[in-house]
Amino acid sequence: MEQNGDFSTKRKQPPTPSNERPMKQLKPEIDSHGRNGSYAKGSSELEPMDDSLSASLETSLDELQSSHIAGALHDTAEWQKTIEKVVRNVVSIHFCQTCSFDTDPAVATEATGFVVDAEKGYILTNRHVVGAGPFIGYCIFDNHEECDVFPVYRDPVHDFGILRFDPKAIKYMPLSALELRPDLAKVGVEIRVVGNDAGEKLSILSGVISRLDRNAPEYGEGYSDFNTNYIQAAAAASGGSSGSPVVNKDGYAVALQAGGRADGAATDYFLPLDRPLRALELIRQAQPVSRGTIQTQWILKPFDECRRLGLSPDWEKAVRTEFPKETGMLVAEVVLPQGPASSKIEEGDLLIKVNGELITQFVRLDSILDESVGQKISITVQRAGENLDVEIDVADLHAITPDRFVRVAGASFHDLSYQQARLYAISLKDSGVFVCEAAGSYRFADGYTSGWMVQEVDNKPTPNLGTFIEVMRAIPDRKRVVIVYKHLRDLHTANTSITTIDRHWHADMQLAVRNDTTGLWDFSTIAKAIPAVPPVPRRANFIRLESSSYPEAVDIVRSFVRVHVSMPIKLDGFPKSSKQGYGLVVDAEQGLVLVSRALLPYDLCDISLIIADSIFIEAKVVFMHPLQNYAIVKYDTSLVNAPVKTPKFSTDFIKKGEDTIFFGLNQNFRPVVAKTVVTDITTVAIPASAVTPRYRATNFDAITVDTNQASHSACGVLIAEDGTVQALWLSYLGERTSHSGKDVEYHLGLATPMILPVLRQIQSGKTPKLRILNVEFQTVQMSQARVMGVSEEWIERTEQEDPERHQLFMVRKVDSGHAGGLQEGDVLLTLNDKLITRAPDLDVMYDNDSLDAVVVRKRQELKLEVPTVATGDLETDRVVNFCGASLHRPHQAVRQQISKIHSDVYISSRARGSPAYQYGLAPTNFITAVNNAPTPDLDSFLKEVKNIGDNEYFRLKVITFDNVPWVATMKKNEHYFPTMEYVKDASEALGWKKTVHECDETGDREETAPEAMDTGAGQDGLEEEPAGPN
């Protein structure tokens, strides 16, 4: 398969790099290979293959017409004739696995399949293409006709699946099918792999079968085939070739392409077609495909190793006589605890007979098991030279393969699958419920989105999905509960944490059940939320730092509260879905707390405070400053019986060189105190994030101090010995580095006089209505100002009025949409007759509709009336989810970084596995038209998309952030990605109103988890904060 935007890997990438997960020792015999060729390198991380090497090993036919196919290099006329017939049956499959499920992450990618029944419309491809969970897709034939495909069957173990299409939809070419002939796969047979290799339309790769008895390749943590032999050949297939037919010279399909190496070795692995052929025949007859299991993994081992395990000479002779071409036998590798064979078969047992028949091959073993579901079979094994005869009940393999999942509190859960249990040799019975999407209330401390097993919730065991549903059904909204969970990679460690159950943003508990008739998953609501229990007043005391030399200063500890912010939807380019830190109480009587906007980027969120490390209480946003990186939130003081302190704030600006005391909370959330000195106060703007614009502070004076503690503390104050707060110490979200993909955070001081005017208004019951100059300034020294045309008189006045800082401000960037007034390159001299040399001087803009400015523009001194901009509508107040894309007005950070706003329909993020992801609708793009109808705003956009039917194609005119126009074609999907809208509404309990505009009756009505959303800044959410304070 080939994942969108990455043409170098041989298999779809996992949602998180596997080497960052909690490691568990992998078996030393794991092969260096991957699905479609990704190289394991001893771990499950999928590595890029060498593009130049793969290119040299393949012959691409992308530019050739099927009537002139040249085949692989130097192919004979006979081969060319065969290939011409085969390519008409090969299809390129473009698909989405819409959400994480079992071993599969949500992806949008492509692969290959081939028609195996032209009349009924069946396509054979890989199981890792069809996937275990929800699937949407379409296929493209050789003549570029297209039709939708729906899953009919995905094998629980083996790497094949069958898709259904409507043969009547293909009108311009006669349909034919490839015949499956597993009996023709033999060593030495020349073959061709015909498929969608490395994203190309069609590639034909040649090879020769070299082995028939290879064990199934292991791909690490993800889906892996087992209990089958694989065919090995040298073909060097690449990403996108999954599901390609492996054909012989006569045009018969003899195997199915499944995986290969990506370490430079031109080795590919093919699945034998014995079991796919059986499944196809049963599906043709409308019969269920029975699959039996004794929950034991077998592997092929050569006779020399079998002898070391205790194979007796008599049995070796008997087996070699019966099967003279065989070179090995089946040996038990993994026996699941509490499974049908757990007390009867042990690891290392040699399989001799089943039902009295000598068995050396997987195909025959599979056949017996599949025909014996619900019955007993007799098995003879040899253990350390002794014969053991046992009877074992054959279980239904489909029954231990999840076909449903539950969504509740923002996360998704299902029973543990045989795939996962087999990989870690754990019991399928009562091991806990598997978290396939760790999000919302179940976003665990390590931030990984899969591999977790929840074993207790609210002190009640959750051994399986049914029990888990009943436990969750009884938990009211906003209740804090204890959860006990393990990770599959570290089953020795039981983790315990406390989380708040979210049943307000995610009110309904949904059950999704696979429907093999329609090929869809049907969603239904199985429980409504229980209302939250009203909070009760609590008492607490703060810690005392009695050993400190500055008792009045350290008493500020009574003004700090811990803050946890959880965001159910990703907006404004913010990379995280939860953040933790500290805030400063600025008014204890009214319950006002100041919080950095690096913690609280927007107000579509839940805010929780912990006061005195004891009282847990909810808070609401009161005010968000557009420039200075802080927000003010409010809690109900009647619920808090604790000596919370209102600090005394200095009305004078702290000066460079002054002694002060730094009090902060470090990375471990512990208080630190240090006597220090102010080293610098300088006007800065936090660097912009080039990849994804998000909120940043601009036009402010930043304070730095001479202590290492400050750089390790995201929250704190600079405080005098008498307890007067001189400056706030805040965390500022900066740019994302290109080489590491990490977000930079700056820790800087903000003088208290900067916040006091806003605080006084809020304390008096008013909501500040600030106005700002929509520009970003940078400082210029006198030498630069002189060159830019500032007169000697102005330079002299600057030196006299501000002897400490000889600087002026130049307009670095004018926000888009800023009509008239200042221009880029202007040197600002005065505003309302006041010389501007420091950032606080700009505060005059907050209360004026316009300002009288004197500027130097292109060496000319000008007097201007400069309009200010109201900040009331700068924050995002409306978001639309459409086809997996989150759309809203361009937020302030976009307007700061772009020269022209192309429309008010801005793509903020997109869900992996969604149509938006599949068709390349990227974050930071603007949508300007739908089906040629202009969509300048969200209202016109919603009006146009409502005219589009479900599963219909439509056109979008799109402009990139770099002003490049392009046209996207997309297919609407209302079943998995309904059109929803959130609008800020003060009358709603949450402050936002949710509306579902378009959705299937049995469709998914929940928004995509923010962990599955891509903001365009690499792999978002890999380092999420914990689900809640522990």
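Reader: How many disulfides are there in the whole structure?
Author: Zero, going by a search of the whole structure. Keep in mind that this is a predicted model.

Reader: What is a disulfide again?
Author: A covalent bond between the sulfur atoms of two cysteines.

Reader: Which cysteine sulfur is closest to that of cysteine 147?
Author: The one in cysteine 139, at 3.6 Å. That is too far for a bond, because a disulfide here needs the two sulfur atoms within 2.5 Å.

Reader: And cysteine 436, what is its closest cysteine sulfur?
Author: Cysteine 99 has it, 6.6 Å away, so that distance is too far for a bond as well.

Reader: Are cysteine 147 and cysteine 436 buried or exposed?
Author: Cysteine 147 is buried, at 6% relative accessible area. Cysteine 436 is buried too, at 1%.

Reader: New topic. How many salt bridges does the structure hold?
Author: 52. One of them joins arginine 308 to aspartate 304, with the closest N and O atoms 4.0 Å apart.

Reader: Where are arginine 308 and aspartate 304 in the helix?
Author: Both are in helix H5, residues 303-308, and they sit four residues apart, so about one helical turn separates them. In general, an α-helix has 3.6 residues a turn, so residues three or four places apart point the same way.

Reader: Is arginine 308 buried or exposed?
Author: Exposed, at 62% relative accessibility.

Reader: What does arginine 307 pair with?
Author: Glutamate 316, in a salt bridge whose closest N and O atoms are 2.8 Å apart. Arginine 307 is partly exposed at 42% relative accessibility, while glutamate 316 counts as buried at 12%.

Reader: Which residue does lysine 376 meet in a salt bridge?
Author: Aspartate 393, at 2.9 Å from N to O. The pair links distant parts of the chain, 17 residues apart: lysine 376 is in strand E21 (residues 376-383) and aspartate 393 in strand E22 (residues 386-393).

Reader: Now arginine 805. Where is its place?
Author: In the loop between helix H14 (792-801) and strand E50 (807-814). Arginine 805 counts as buried, with 9% relative accessibility.

Reader: What does arginine 805 touch?
Author: Beyond its neighbours within four places in sequence, arginine 805 is in contact with Ile681, Thr682, Thr683, Asp701 and Arg838. With aspartate 701 there is a side-chain polar contact of 3.1 Å.

Reader: On to helix H9. Which residues in H9 are buried?
Author: Leu465, Phe468, Ile469, Val471 and Met472, in a helix that covers residues 465-473. They span an arc of only 165 degrees around the axis, so they are on the same side of H9.

Reader: What caps the N-terminal end of H9?
Author: Asparagine 464. One of its side-chain oxygens lies 3.3 Å from the backbone nitrogen of glycine 466.

Reader: Last one. How many bridges join strand E31 to strand E32?
Author: Seven, and the two strands run antiparallel, with E31 at residues 509-515 and E32 at residues 520-527. Arginine 514, for instance, has tryptophan 521 in E32 as its bridge partner.

Note on methods. Residues are numbered from 1 along each chain as its sequence is written. This is a predicted model: local features need pLDDT of at least 70, side-chain atom pairs count only at pLDDT 80 or more; totals for chains, interfaces and linings use all residues. Side-chain values use heavy atoms; hydrogens and water are left out. Two strands pair if DSSP finds at least two bridges between them. Buried means under 20% relative accessible area, exposed over 50%, partly exposed in between (1.4 Å probe, protein chains only). The arc is that of the directions from the helix axis to the C-beta atoms. A polar contact is a pair of N or O atoms within 3.5 Å; within protein, one must be able to donate a hydrogen and the other to accept it, and residues adjacent in sequence count only if both atoms are side-chain atoms. Contact means heavy atoms within 4.5 Å. A salt bridge is a side-chain nitrogen of Lys or Arg within 4 Å of a carboxyl oxygen of Asp or Glu.
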